[in-house]
Amino acid sequence: MANPNTTPIRVIEETAGYWRAVFDYPPFNVVDGDVFQALQDLLVRMEMTETLRVVVFESALPDFYLSHFDLTGRLGNVMTGLGPSGLPILMDTFVRLTKVPVVSLARIRGCVRGVSSEFVLACDMRFASRENTKLGHPELGVGLHPGGGGTERLPHLVGRGRALEIVLSANDFDGDTAERYGYVNRSLPDAELDGFVDALARRIASFDRRALAAAKHLVNEVSLPPSDRLLAAFTSFGTALGWPSAQNRIRAVLERGLQRDADFEKDWPETLGALGEPESTGGSR
């Protein structure tokens, strides 16, 4: 369980135009209601700060960027409350991130799965450590499906076949594979990742905010999924959370050590194929 005294996100103001937002929510940076509240608060600051050009999202935990949705139920009103856009808070957070007139860069080290993948997909650009990235959508393995934009954003980036491979395999993808597929912009040697992203952020921060916002808006117009498709996936995900098969599979991974055991947390998608097989209908063809 996360430390209740820990602020999920620390903001470091490198310059007036360039901030770093550091996920620091040990032990695993599990995404719960507190993380979404911190993102909502940060979005307000991003929207209101006229000098701001770019925010780099990174992690203080080397093995966990953001791990996954909190499967113990500590979600607050993420699924039921509405954000400023009028969309459910989970959707609102990601939609506003894509549309805020500030450039968002994800500097990825460690595990990034499920809703955490959906967060980095909502960022404008993604840069991953070659040696230390595990990126994917394990939802199918626990009887669910992506519900925060993964199925809507991935096909545009990687194509239909690769999107289906990512979602239906419920497996991890390393930095180099993610780059080859288009899941991330670039995979870089870990020793070079910080310098590359910092240089890019500082370069972007030197440009005119109105021009940056206008260019981002124009790209958004031809690349973002419409809200009705996002809402349909979110609603379906909410329904899937109540399926008995999903509840059984979630219980099984929690019993094996998810959100408690660091070794299991790092590699748990590897176990999903052995959680349970469909019952045989008998007979032969």
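A: Four bridges join β3 to strand β5 (residues 103-113), and the two strands run parallel. Strands pair if DSSP finds at least two bridges between them; strands (E, at least two residues) and helices (H or I, at least four) are DSSP runs, numbered from the N terminus. Within this pairing, Val55 stands opposite Ser104 in β5. The model is predicted, so local features need pLDDT of at least 70 and side-chain atom pairs count only at pLDDT 80 or more, while totals for chains, interfaces and linings use all residues. Residues are numbered from 1 along each chain as its sequence is written, and side-chain values use heavy atoms, with hydrogens and water left out.

Q: In which sense do β2 and β3 pair, and which hand has the β-α-β crossover?
A: Strand β2 (residues 18-23) pairs with β3 in the parallel sense, over six bridges. Phe23 stands opposite Ser59 in β3. From β2 the chain crosses through helix α1 (residues 33-48) to β3, and this β-α-β crossover is right-handed. The term applies if, with the strands pointing away from the viewer, the path from the first strand over the helix to the second runs clockwise.

Q: Are the residues on the faces of β3 buried or exposed?
A: Buried means under 20% relative accessible area, exposed over 50%, and partly exposed in between (1.4 Å probe, protein chains only). Six of the six residues of β3 (residues 54-59) are buried, so the strand is largely enclosed by the rest of the structure. Val54, Val56 and Glu58 cover one side, and Val55, Phe57 and Ser59 the other.

Q: How many residues has the largest nonpolar core?
A: A nonpolar core is a set of buried Ala, Val, Leu, Ile, Met, Phe, Trp, Tyr and Cys residues joined through side-chain atoms within 4.5 Å. The largest one here has 68 residues, and Phe36, Met46, Phe57, Tyr65 and Phe119 have the most contacts inside it. Helix α1 supplies the largest share of this core, seven residues. Another core, of 13 residues, lies apart from it and includes Val54, Val56, Val103 and Ala205.

Q: How is the packing of two helices described?
A: The description consists of the angle between their axes and the distance between the axes. Axes are lines fitted to C-alpha atoms, for helices over the stretch in contact, and angles run from 0 to 180 degrees between N-to-C directions. For α1 and α2 the angle is about 35 degrees, with the axes 10 Å apart. The crossing of α1 past α2 is left-handed; that is, the near helix is turned anticlockwise from the far one by less than a right angle, whereas clockwise is right-handed. Contact means heavy atoms within 4.5 Å, and residues of α1 including Phe36, Leu39 and Met46 take part in meeting a set in α2 that includes Ile89, Thr93 and Leu97.

Q: At what angle do α2 and α9 pack?
A: Helices α2 and α9 (residues 227-240) pack at about 145 degrees, with their axes 10 Å apart, and this crossing is right-handed. Leu90, Met91 and Val95 in α2 meet Ser227, Leu230, Leu231 and Phe234 in α9. Since 10 of the 11 residues of α2 (residues 89-99) are buried, this helix is largely enclosed by the rest of the structure.

Q: Is Arg209 buried or exposed?
A: Arg209, in helix α8 (residues 209-223), is buried, with a relative accessible area of 16%. Not counting residues up to four places away in sequence, Arg209 touches Met46, Glu47, Thr49, Glu50, Leu52, Arg53, Pro101 and Val102.
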